[in-house]
Structures are given as C-alpha cells and as structure tokens.
Amino acid sequence: MNDNTSRLLEIVGLAKEYCDLCESSLEHTKESFIDQALNLLPRLYWHFFDLSAGISLGESEYFSEYVDESLYGEIQHGIAALMGGADTFLETFEEDMKYSDTPITASISESMADIFQPLFNFVQIVHDSEGLQLEEAYISCKEDFETYWSQTLCNVLRALNNLKYNSREEEEL
C-alpha cells in the first residue's frame, strides 16, 4: 500500500466517523455532539485542503448519489432536535448579506447535513467499489469541497465554537 492509499483510507475513516456522528446525533448530549464535531471538522478541512500534492488529480467521475431527500432530512432533523434553540447562527458570508438590512441566518443542522451528503457519498462509493474507486471518489468529493462545502464547514465550525465557549462563559457567570 502506497502513502497516498494509506492517507486516502485515513480520510475515508474520518469521513465515516463524521457520518456516524451525524447519524447518531440523538444518542448524544448537545455538549458531546459539539465536542466531537469540533474534533472532526478541522481534521476534515485539513485533509481535503491538503491532500493534493501526492495525488494526480484528474477529472472526476460522475457517481450516483446515496443520500436521498429522506436521509438528508433525517440527518438535518436529528441534529436540529439535538441543538434546539441553538441551531440558528448568523451567516456572515452569504452573498445576499451585502444587500440586506436584516441579518441572514443559517442552521447548524442544515450545514452539517450539507457536509454529510458528499462525505456519505464518498464513503459509500469506496465501500461499494471495495476500494477500487478510492482515488476517483476522493477527487469527486474534493471538487465538491472546493466549490461548496469548505465554506459551509468553516461557517458551522465557527458557530459550534461559539456555542462551546459562549456556553462555558455563561456557566461560569
């Protein structure tokens, strides 16, 4: 096994961990869910940002979607139920924010479901192909990362970080 394959398998494991966290959201306390998300999200960002040096990134292939509307809704609603009133945060990077007199909000649950979708697809493609499409699946997921979910990840990370440390300050007061 070469270094690239080893790193890609590590990323598959990390993506699976994230997906498992999202799928089991209601089995966690809000605090443990936030802690685990704060652990996984920066690592996911780093792996999808950093890993291109050793891989020849060719054209991505089209893969079937594994996440349908029902699964997406389950993930989003589960996380929303867990987060309760803390699910909404101000979205500062929304393009429409420049022209709006009112704040634009986003939700942690929707953001995390948006990240879940490409990662679950990635994990399933690798699983179903028994690893034969590992690089192709990574390339496809990385392209999605670059065009869409990298900003979503940064935004939800900021919101979760705010909940983690603002909650602590409020408890100490």
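I kept in mind that the model is predicted.

**Entry 1: helix 2**

I began with helix 2, which covers residues 30–50 and has 21 residues. I looked up its reach from the first C-alpha to the last and found 30 Å. That is close to the 30 Å expected at 1.5 Å a residue. Next I asked which residues of helix 2 are buried. They are Phe33, Ile34, Ala37, Leu38, Leu40, Leu41, Leu44, His47 and Phe48.

**Entry 2: cysteines**

How many disulfides are there? I got a count of zero. I checked Cys19 and found its closest cysteine sulfur in Cys22, 6.6 Å away. A disulfide needs the two sulfur atoms within 2.5 Å, so the sulfur of Cys22 is too far from Cys19 for a bond. Cys141 is in no disulfide either, and its nearest cysteine sulfur, that of Cys19, is 9.0 Å away. Are these two cysteines buried or exposed? Cys19 counts as buried, at 3% relative accessibility. Cys141 is buried too, with a relative accessible area of 2%.

**Entry 3: aromatic pairs**

I searched the whole structure for aromatic pairs and noted nine. I looked at two of them in detail.

- Phe122 and Tyr138 pair edge-to-face, 6.4 Å centre to centre, with 65° between the planes. This pair links distant parts of the chain: Phe122 is in helix 4 (residues 108–128), and Tyr138 is in helix 5 (residues 134–172), 16 residues apart. Both residues are buried.
- Phe145 and Trp149 also form an edge-to-face pair, 4.9 Å centre to centre, with 75° between the planes. Both sit in helix 5, four residues apart, which is about one turn of the helix. Phe145 and Trp149 are buried.

I then followed the ring pairs onward. They link Tyr45, Phe48, Phe49, Phe122, Tyr138, Phe145 and Trp149 into a cluster.

**Entry 4: the nonpolar core**

I looked up the largest nonpolar core and found 50 residues in it. Which residues have the most contacts inside it? My list reads Tyr18, Phe48, Ile108, Met112, Leu119, Phe122 and Leu160. Helix 1 (3–23), helix 2, helix 3 (69–83), helix 4 and helix 5 each give two or more residues to this core.

Last, I took Leu119 and left aside its neighbours within four places in sequence. Leu119 is in contact with Ala15, Tyr18, Cys19, Leu44, Phe48, Cys141 and Trp149.

Technical notes
Residues are numbered from 1 along each chain as its sequence is written. This is a predicted model: local features need pLDDT of at least 70, side-chain atom pairs count only at pLDDT 80 or more; totals for chains, interfaces and linings use all residues. Side-chain values use heavy atoms; hydrogens and water are left out. The expected span of a helix is 1.5 Å times one less than its number of residues. Buried means under 20% relative accessible area, exposed over 50%, partly exposed in between (1.4 Å probe, protein chains only). Rings of Phe, Tyr and Trp (its six-membered ring) pair if their centres lie within 6.5 Å; planes under 30 degrees apart count as stacked, over 60 as edge-to-face and the rest as tilted. A nonpolar core is a set of buried Ala, Val, Leu, Ile, Met, Phe, Trp, Tyr and Cys residues joined through side-chain atoms within 4.5 Å. Contact means heavy atoms within 4.5 Å.
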